[in-house]
Number of protein chains: 2
Amino acid sequence: FQMGLAAMSEVVPEPRQKPTVPAKPTCANISMGSQLLGYVGIDTIIEQMRKKTMKTGFDFNIMVVGQSGLGKSTLVNTLFKSQVSRKSSSWNREEKIPKTVEIKAVNHVIEEGGVKMKLTVIDTPGFGDQINNENCCDPIEKYINEQYEKFLKEEVNIARKKRIPDTRVHCCMYFISPTGHSLRPLDVEFMRHLSKVVNIIPVIAKSDTMTVEEKHDFKQRVRKELEFNGIEFYPQKEFDEDMEDKAENDKIREMMPFAVVGSDKEYQVNGKRVLGRKTPWGVVEVENLNHCEFGLLRDFLIRSHLQDLKEVTHNIHYETYRAKRLNDNGGLPPVNNPDSEEQHESNL
Amino acid sequence: FQMGLAAMSEVVPEPRQKPTVPAKPTCANISMGSQLLGYVGIDTIIEQMRKKTMKTGFDFNIMVVGQSGLGKSTLVNTLFKSQVSRKSSSWNREEKIPKTVEIKAVNHVIEEGGVKMKLTVIDTPGFGDQINNENCCDPIEKYINEQYEKFLKEEVNIARKKRIPDTRVHCCMYFISPTGHSLRPLDVEFMRHLSKVVNIIPVIAKSDTMTVEEKHDFKQRVRKELEFNGIEFYPQKEFDEDMEDKAENDKIREMMPFAVVGSDKEYQVNGKRVLGRKTPWGVVEVENLNHCEFGLLRDFLIRSHLQDLKEVTHNIHYETYRAKRLNDNGGLPPVNNPDSEEQHESNL
């Protein structure tokens, strides 16, 4: 950190009570000049916040949605470089596709550089796998709203927890099938509907099935269809806070949806161990940007926008839910009745 | 930041709906081992939070209380190395001591290392200066509670601001007269009463009037009296979160109250420019720990505990106010009536 830059003084005397002594704004306006007389330590707030975060850690909840076989579990494992999905890395032959959409949440604690992430991966097996997929979105939307409701109930409690446990879905990765053709009606339906309640990040799954040209064309077509259908995926244009945000996010939006390949298997390539998929014609390296855009997705989702995903969830999606809920309830917060709470839980 | 340390997996499968497929906790428990397969970037959350703080800045509101002539304004100017108090550095002869306690808030923006602090200094002229000081605490407590009420009303609004403006008093510095004798009844009364609603940091003012021995003895006596009277000043023992906090705060508590000297005048001492007070027998250097404990107070208040002062204000004092307010109101939040709000303001 560098030393004192400039002190901007903005004097707003607030007279409370009838002033016995006349206010002297001119007098109070005197400043020692724009330079501080030495280092104060205002920027140490960053270090103080770092220490607090190192102690408490943080929550991050990611949901994966898409037809079975698109590599959702593998991609999440690749993102977090560990077995965080509910499935084992080798497919279990006994595991059947469920007959309805299920919601399966698995919790982990991953630590890196002394920072603890309390990660929840929420899988949605059965989505898009039915003969009739008409009501596929409902249980997912229900789960997302239930987490907002839980948070709201904690927030309006008289005796509140010091830190409200955050189970809200910060990010929903939607897996698009690498057909090379177009989005399917279910893709459009899901993203159009759910983008209003959660941060949707569309990705093109298993992109190693496409050549460079096919990938380029398919991405372009998907982007057009997303725009045509008015789907506001994350990072939403309307939430860019300033020109810097806009410039950074425009670049990302132009590259989305990222065409990815996941793998939790390591191979030796040019003397280095890399995560990849071995084929007779070569190893697809997941982190090699010439092979796929996994690295871009990871950098975006974890290394540059993770905090923002949490903030948009809290400031936009949760606030929207809360405002609607209070309005529907005549402006009153939901009553936190322990009895009804129990009944509610058992209905799940 | 360093690379991947350890991944602790704590698998808690949450079956929602009746599971069609039996839960397989053993299967989900499989982990890739304690080592992450490469760097994920979890610790980049710190950098992401830093960027957000650099953009938004932060609020800090400090109140100073104590008899006139104890150097409150000068000390605040010394803390922030600039003219932040409402008074000019040279005493204005026209300024009379008010006949009742007044509350004067002045706002500033101070920037250092690219971090903006929105600082409010709240002065309380007239405190302890009356013939009868019986009701001196009331307007101060009223002001503190009014800020909690403002925040609460914003918090329960249906359409909330993205960032609720924080006018709550994060820290109240109480100035003890360097009598060398003991605390006065008003000191005890104020701190005992107000320590329940705000973070009190007692300081011994103008400590250059005492010799090293006198200072040592006086500090010890004041500490004993504070303890005897059950005054829980900041950092309060009961809010230490862990052994590390306790060890750090114990050290600070044992040194408190800091015996300080303030100055906003610079002198040349051994070729260096220092803030100090020039006397015929030498320059009192405010940052020289052999001369006074200003440096300790500044390090504690700004460089190590500023974020914690904000968090204790929010998590403890504000929560206490909020719980009481809701309980008194039959569990309901206060109604934000624009009419009554206006009337309220005009009554101040």
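Hi everyone. Helices here are DSSP runs of H or I with at least four residues, strands are runs of E with at least two, and both are numbered from the N terminus. By that rule, Gln48(A) sits in helix H2 of chain A, residues 44-56.

A word on what you are looking at. This is a predicted model, in which local features need pLDDT of at least 70, side-chain atom pairs count only at pLDDT 80 or more, and totals for chains, interfaces and linings use all residues. Residues are numbered from 1 along each chain as its sequence is written, chains are lettered from A and ligands numbered from 1 in the order written, and side-chain values use heavy atoms, leaving out hydrogens and water.

Back to our glutamine: is Gln48(A) buried or exposed? Gln48(A) is buried, at 6% relative accessible area; buried means under 20%, exposed over 50%, and partly exposed in between, with a 1.4 Å probe and protein chains only. Setting aside neighbours within four places in sequence, Gln48(A) is in contact with residues of chain B including Ile302(B), Arg303(B) and His305(B), where contact means heavy atoms within 4.5 Å. The Gln48(A) side chain also reaches two backbone nitrogens, that of Leu306(B) at 2.9 Å and that of Gln307(B) at 2.8 Å.

Now, over to a sheet in chain A. This open sheet has 3 strands in the order E9-E10-E11, paired antiparallel; two strands pair if DSSP finds at least two bridges between them. E9 (266-269) and E11 (282-285) of chain A are at the edges with a single partner strand each, so one side of each has no neighbour in the sheet. E9(A) and E10(A), residues 272-279, share 4 bridges, and Glu266(A) has Leu275(A) as its bridge partner in E10(A).

Terms used. A polar contact is a pair of N or O atoms within 3.5 Å; within protein, one must be able to donate a hydrogen and the other to accept it, and residues adjacent in sequence count only if both atoms are side-chain atoms.
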